[in-house]
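Here are my notes on the model you sent over, as numbered points. Have it open while you read.

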Amino acid sequence: MAEGVSVKLRPAGPLWEAEFWPGAAKAGAARIAGALDGEPPAPGASLVAGGARLWRAGPVRWRLWGGEGAPPEALAWIGPEEGAVAELGRGLACLELRGPAAREALARAVALDLREAAFPEGAVAAAGYRGAAVTVLRAEGDGCDLLVPLSYAESFAGALERIALRLR
Amino acid sequence: MSGFRLGGGPLDGAEAVAFRWRGREMTGLRGDTLASALMAGGVRLVGRSFKYHRPRGIMSAGEEEAGALVTLGEGARRTPNLKAPVVELEPGLAAAPQNCWPSLEMDAGAVNGLLSPFFAAGFYYKTFMGPFGGTRAWMFFERFIRRAAGLGAASEAPDPDLYEQVHGHCDVLVAGSGPAGIAAALEAAEAGLDVVLAEQDFETGGDLLADRDRSALGAAREALAAAGVRVMTRAMVFGVYDHGVAGIAERLPAGGAVRERLHVMRCARIVSATGAIERPFVFGDNDRPGVMGAEAARVYVRRFGVAPGRRVAVATTNDSGYAAALAMAEAGLRVTLLDSRERAPEAAAAAAAEAGVEVMREAVPVRALGGMPGGAVRGLVVGRHAGGGRARPVSRLDVDALAVSGGWSPTVHLSSQARARPVWSEDQLSFLPAPGEVIACGSAAGVWTREGCEASGRAAGREAARGLKASRKKALEAPEAGGWEVAPDAVWEVSAKGRKLKGFVDPMHDVTAEDIRLAHREGFERPEHMKRYTTLGMATDQGKVGNVVGLAVMGAAQGAGIEALGTTTFRPPYAPVSLGVFAGEHAGADWAPVRRTPFHAMADAAGAVFVDAGRWKRSWYLPRGQEGLRAASMREAAMVRETVGVCDVSTLGKFRVQGPDAAEFLDRVYSNLMSSLPVGKARYGFMLREDGMVFDDGTVWRLGEADFLVTATTGHAEHVEAHLSRWRVRWPELKVAVADVTEAWAGLAVAGPRAREALGRVAGGDISDDALPFLGVREMEVAGVPAMVARISFSGERAFEVYARPADAEALWDGLVGAAEAEGGGPYGLEALDLLRVEKGHVTGREIDGRLTLADLGMPGMASRRKDFIGKALLGREGLADGNRPRLVGLRPAEAGAEVQAGALLYAPGEETGFGLGHVSSIADSPHLGARIALGFVRGGLERWDGRMVMAKDPTAGRDVKMTVVSPVFVDPEGERLHG
């Protein structure tokens, strides 16, 4: 890894979105989190458990990244009376930014408050990057993951790599 | 003193820095600006003025510079109009004067000065008007005027440097690192806040940099570091925008990877400690080289150790001139101080006198005297001040520099940008910032003493901390504006009976006091009108130097005060900012991100030529041998009509609509009925806008009772996503979820009479007409990977759309393209796809342009009468039912092969004026028909024009082509090929 920041592009892997009907969201979220042995995370935070990561993507929408099964067990119980589940991960790529300058690099891409207090480990935020909707997840240490639309992945990886080169 | 460099200055012992001025090698010191290095080298004449080409020298020590505008760099890095006092001297810097030819000293353009009676304010607007031939004279002279106008010339070569943009956040942004800014930053940081202190200079300190004893500056810097304040130098806060966003342009030292950086800083609070600008006043020839601000003279002496001259006069209307006089006298210069007032500040006057300054009270400069070449100050006519600027010449001083202080204008730009309108203070003779979103402090708030500025800064820092609930300490009382011992004198313009003086209000734009009076006489009396008529305070100046004086002269002409006039609104940027920082690194080939489909690599390997479709790179055509676009696309289109072709359709928008009310939701967003669609079937549909116009078309696949896949056109995919999301939220009673799965599926269309045979070679399921009829949908394995297959056609041929997961794209491509090739076909690109759909009269974004109804497209039946839907109410407007609206038609040139382009206007023959009948929307050379065909819109449509001739006029290409109106379906109007 370079001194400042490294950029790695990889498939996002399975990522599911569950949307609950009004009135079913709170119980639904608790049930998903419960399946992961945790509590529903607050907006902007995530629950990491069982090889998966769960966060709230909207008032009644939750995203689960990782996990076994199609859909994973934590979501398999959701039927038409509770809500709907869609698989989105096949259309996403993950850009891993690692190294002490990862957030410095990211600040050149997204308009997020990446200061430690505002974006601690486990934090998640939706953002825009050059016109595309991306999800930024704080990884362990100083690293961050960007979930980006697959079609943009190569272009974004190149742009971030150029930023990383300047920060090395 | 060596040359004009004073011994014992703060730069003593600093590293020598070599630079070039007008191609001549010169040497300055590390810590110099270009202006201080030029002054130290004895350079007085640095440029020529905007209009009259008058000689100009260094007039200030900051962004308010109106004289020393220079061009920096060479070749592609040439940048004009930089202000020498804020250009940091760096090794290898190359600078040159501008607006002069053939030389700075002997400038041919100086003849304009002799013609100045003709070049008065507003001469553009009237001199060239009538009475003969309207504006014909202007049209002739314009080219000469444009060539003569302007300052400097930007390079036309691409900028080779890199710029970048960074998003930042902080609790408190403090703009300006003088005593007030430092105090504000420390106060806020001590409350535990994250503070950014941005300083446009390459050193922090502001006024502290001109202290003889720099211990206070050192202590302040240490305190900032200890408090964790994030200090940015070379960083100008140029604009304040909504929601606490500030724009900061950061210049980076030469030689680095990045030349400039734009910080988009989001701040919870903004403190403006941007100081104040010393303004001049008007007297005869007040623009000569050697005339500068008194504070600037002090800064050059104290900070840079450079003398502005050897024998200096200081002319002041306020107390601050004494500090300048004292600094220069202490540096060993001969100084005479002219104070326009009767009474002087006692202690300051005594200190000045003790240092050897000759103080003349009730004295003002009447006219600066100069000599050739260069016209620099050689002397000064001094007048006895009788009040209000009226003076009687009484003596002559032999001086080579004149330092002028006509008062101070707080830098209210940031407050003003935040919509706090500045308020005129008759006591301070300046506009003061009004309370608002930006907290102003120090001399930016009209506080003139060092102690007052520090107290003001602390109060501002406390106010920010309390506002953010980071401090429970009591609010500090900010000092009132002011601090002078003796009230400043309202001297704006010196006049001497019997003398006609040429004095400049705005030396950057050659605006004289007489120009202002002319504007008044001609009715341009409001500040906004005066500014635009005279060019006062425009362009890079932005009202820094002449604004207040100009208002005062206008006020006097009107018999009113400045307060009654008010001031113009300051808008970002505070000072010029490179355009490069707004583009950032996104320039050249990377100006926009590129979207690639999952089949991109395979198409590339197959030799595809790609075309930009929005941000997508789409396979345009796949040439064989030396084929060009036309040959390849016609071959591919013919191949589809004869055998089978495979085309990448991954770019279509795709949305999963699920839930018990999904069918009801789709019924509401589509104009035609979707709830009646059986599972396993697809239907073509239209979405309308609320105004009844067609928004987009696509297909709806019913995958389950409560599970639909919706497709949208490539160009409208993102808009459709927003449309569906908005309406989902507006109908909370519906149990429906919409997920954008555009990127989660990769699609290939297989089209042609041999499509079923080709697909059959790799399909793992039954694709017979019984199992998969027209508009049927099935899930099955294709080429060994899971896929969704729908029998849908855009070409009019028997066709299938096959969607698989992006990870399986290579297998799907290899399988389907291989199968097509085995059937005599192969891949085809976007151009062939377009030819095929024009042949069938199918519409795309070229036709669905937001102005058309379903009836205009020839499909009124797609508007269901059995249900309500978005757009239905307004679709019933009387005007939309008018049969004379433009309707979709086919067009064929009367002469085979005649060139015509999309966009050409259609007219009835002999009536070729105005808006005409309609326009041509799409053109294609049909391989199937062996003819050029087109789609377009004609008022009244086929019903009125079938078989008749229209004229297609293309004024941009200069072509007129006769075309025959025909049916828009050129191939297989009965649809027999669709069903095989």
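1. By salt bridge I mean a side-chain nitrogen of Lys or Arg within 4 Å of a carboxyl oxygen of Asp or Glu. Helices (H or I, at least four residues) and strands (E, at least two) are DSSP runs, numbered from the N terminus.

2. Are those two partners buried or exposed? A:Arg130 is buried at 14% relative accessible area, and B:Asp590 is buried too, at 15%. The cut-offs are under 20% for buried, over 50% for exposed and partly exposed in between, with a 1.4 Å probe and protein chains only.

3. Before going on, the housekeeping. This is a predicted model, where local features need pLDDT of at least 70 and side-chain atom pairs count only at pLDDT 80 or more, although totals for chains, interfaces and linings use all residues. Residues are numbered from 1 along each chain as its sequence is written, chains are lettered from A and ligands numbered from 1 in the order in which they are written, and side-chain values use heavy atoms, leaving out hydrogens and water.

4. Now the interface as a whole. Chain B brings 41 residues to the contact and chain A brings 36, with contact meaning heavy atoms within 4.5 Å. About 3,100 Å² is buried between the two chains, and carbon and sulfur atoms give 50% of that. Buried area here is the accessible area (1.4 Å probe) that two parts lose on being put together, summed over both. On chain B, the trio B:His167, B:His169 and B:Glu743 supplies 17% of the area that chain B buries against chain A, more than any other three residues.

5. Ten salt bridges run between chain B and chain A, including one from B:Lys735 to A:Glu81 at 3.8 Å, N to O. There are also 20 residue pairs in polar contact across the interface, both residues at pLDDT 80 or more. A polar contact is a pair of N or O atoms within 3.5 Å; within protein, one must be able to donate a hydrogen and the other to accept it, and residues adjacent in sequence count only if both atoms are side-chain atoms.

6. Which elements of chain B supply at least two residues each to the side that touches chain A? They are strand E8 (163-175), strand E13 (260-272), strand E30 (595-596), helix H20 (717-730) and strand E38 (737-740). E8(B) gives the most, with seven residues. That side of chain B divides into 18 nonpolar, six polar and 17 charged residues. For the classes, Ala, Val, Leu, Ile, Met, Phe, Trp, Tyr, Cys and Pro count as nonpolar, Asp, Glu, Lys and Arg as charged, and the others, Gly among them, as polar.

7. Over all chains the structure holds 85 salt bridges. One of them pairs B:Arg22 with B:Glu105 at 2.9 Å, N to O, linking parts of the chain 83 residues apart. Both ends are partly exposed, B:Arg22 at 37% and B:Glu105 at 29%. Another joins B:Arg419 and B:Asp242, with the closest N and O atoms 3.3 Å apart; B:Arg419 is exposed at 67%, whereas B:Asp242 is partly exposed at 45%. There is also a network of salt bridges linking B:Arg54, B:Arg56, B:Asp285, B:Asp287, B:Arg288, B:Arg367 and B:Asp510.

8. In helix H8 (residues 320-330) of chain B, nine of the eleven residues are buried, among them B:Tyr322, B:Leu326 and B:Met328. Strand E5 (residues 61-66) of chain A has five of its six residues buried, so it is largely enclosed by the rest of the structure.

9. Finally, the neighbours of E5(A). It pairs in the antiparallel sense with strand E2 (residues 15-20) of chain A over five bridges and with strand E4 (residues 52-58) of chain A over six bridges; pairing requires that DSSP finds at least two bridges between two strands. A:Glu17 stands opposite A:Arg63, and A:Trp65 is the bridge partner of A:Arg53. E4(A) and E5(A) form a hairpin with two residues between them.
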